[in-house]
Amino acid sequence: MHEGRLKAAFDSGVFVLKLCGDVRLTLCATLDNQAQRLANTPGLRAVMIDLREATNVDSTALGFLAKVAMAVQGRLEQPPTIVADHPDVQRMLDVMGFSHYFTLVESPLTEPAELNELPQIQADEADMQKRILEAHRILMRMNEHNREQFQPLVELLEAQQHDPVQ
C-alpha cells in the first residue's frame, strides 16, 4: 500500500482536495484542518474531493470528509462533489449515506491545473483519539446504518476518554 497523501488547490472559488494512496487516521488532523479552513474561506463557490487515486479511505478519514460537507452546507449553491471511479469506493460511499451530502460522480467536469501537496499535521495520541471519536460521531449522524455500525466503537472511545488508565 502507498502511504496516504493529500493534495489541494483553490482556484476561482473552487476548492479541490485529492486523496492519494492509503488515507487513514494519521491524516485526520490535516483533513480536520482543511474542513475548518473551508468553513471560513471567502469566495468559496464549489468543493470537489477526488478519490480516484485513493487505494483505501478508512472510516476516520471518511468522517472528516463528511465534516467538510457539513462545514460548507448552506454556503454553496451545489453540494460538494466526490469523484470516485472505483466500484468498491462508490458502493461504500453510497452505503454510508454520502449521496445525501455530496454529488457523487465518476469523473470531474474540469481538472485543476496544479495541486499542491498538503503538509501532514501531526497529532499526539490524545488529540488523535479525540479526532477519531469526532469523525465517527459525524458518520453516525449521517444515517441509521452508520449509527449501528459505529455505535460500539464510539462507546468504546468515550469510555477510554473517561478512564485514562488503560
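# Reading burial, core and helix contacts

Tutor: Glu155 counts as partly exposed, with a relative accessibility of 44%, where buried means under 20% relative accessible area, exposed over 50%, and partly exposed in between (1.4 Å probe, protein chains only). This is a predicted model, in which local features need pLDDT of at least 70 and side-chain atom pairs count only at pLDDT 80 or more, whereas totals for chains, interfaces and linings use all residues. Residues are numbered from 1 along each chain as its sequence is written, and side-chain values use heavy atoms, with hydrogens and water left out.

Student: In which helix is Glu155 found, and what separates its C-alpha atom from that of Leu133?

Tutor: Helices (H or I, at least four residues) and strands (E, at least two) are DSSP runs, numbered from the N terminus. Glu155 belongs to helix α5, and its C-alpha atom is separated by 9.2 Å from that of Leu133, which is 22 residues apart from Glu155 along the chain.

Student: How should I read the largest nonpolar core, and which of its residues touch the most other members?

Tutor: A nonpolar core is a set of buried Ala, Val, Leu, Ile, Met, Phe, Trp, Tyr and Cys residues joined through side-chain atoms within 4.5 Å. Here the largest one holds 46 residues, and those touching the most other members are Leu17, Leu19, Val47, Ile49, Leu51, Leu65 and Phe98. Two or more residues of this core come from each of β1 (5–11), β2 (14–23), α1 (28–39), β3 (46–57), α2 (59–72), α3 (87–95), α4 (125–142) and α5 (144–162).

Student: Which residues are in contact with Phe98, leaving aside its neighbours within four places in sequence?

Tutor: Contact means heavy atoms within 4.5 Å. With those neighbours left aside, Phe98 is in contact with Leu62, Leu65, Ala66, Ile82, Leu93, Leu139 and Met142.

Student: How do the axes of α2 and α4 cross, and is the crossing left-handed or right-handed?

Tutor: Axes are lines fitted to C-alpha atoms, for helices over the stretch in contact, and angles run from 0 to 180 degrees between N-to-C directions. The axes of α2 and α4 come within 8 Å and cross at roughly 65°. A crossing is left-handed if the near helix is turned anticlockwise from the far one by less than a right angle, and right-handed if clockwise; α2 passes α4 in a left-handed crossing. On the α2 side the contact includes Leu62, Phe64, Ala66 and Met70, and on the α4 side it includes Ile132, His136, Leu139 and Met142. With Ala, Val, Leu, Ile, Met, Phe, Trp, Tyr, Cys and Pro counted as nonpolar, Asp, Glu, Lys and Arg as charged, and the others, Gly among them, as polar, the residues of this contact divide into 9 nonpolar, 4 polar and 4 charged.

Student: Is His136 buried or exposed, and which residues beyond four places in sequence is His136 in contact with?

Tutor: His136, in helix α4, is buried, with a relative accessible area of 1%. Leaving aside neighbours within four places in sequence, His136 is in contact with Ser59, Thr60, Phe150, Leu153 and Val154.

Student: How many disulfides does the structure hold?

Tutor: A disulfide is a pair of cysteine sulfur atoms within 2.5 Å, and the structure holds 0 of them. Cys20 counts as buried at 1% relative accessibility, and Cys28 is buried with a relative accessible area of 1%.
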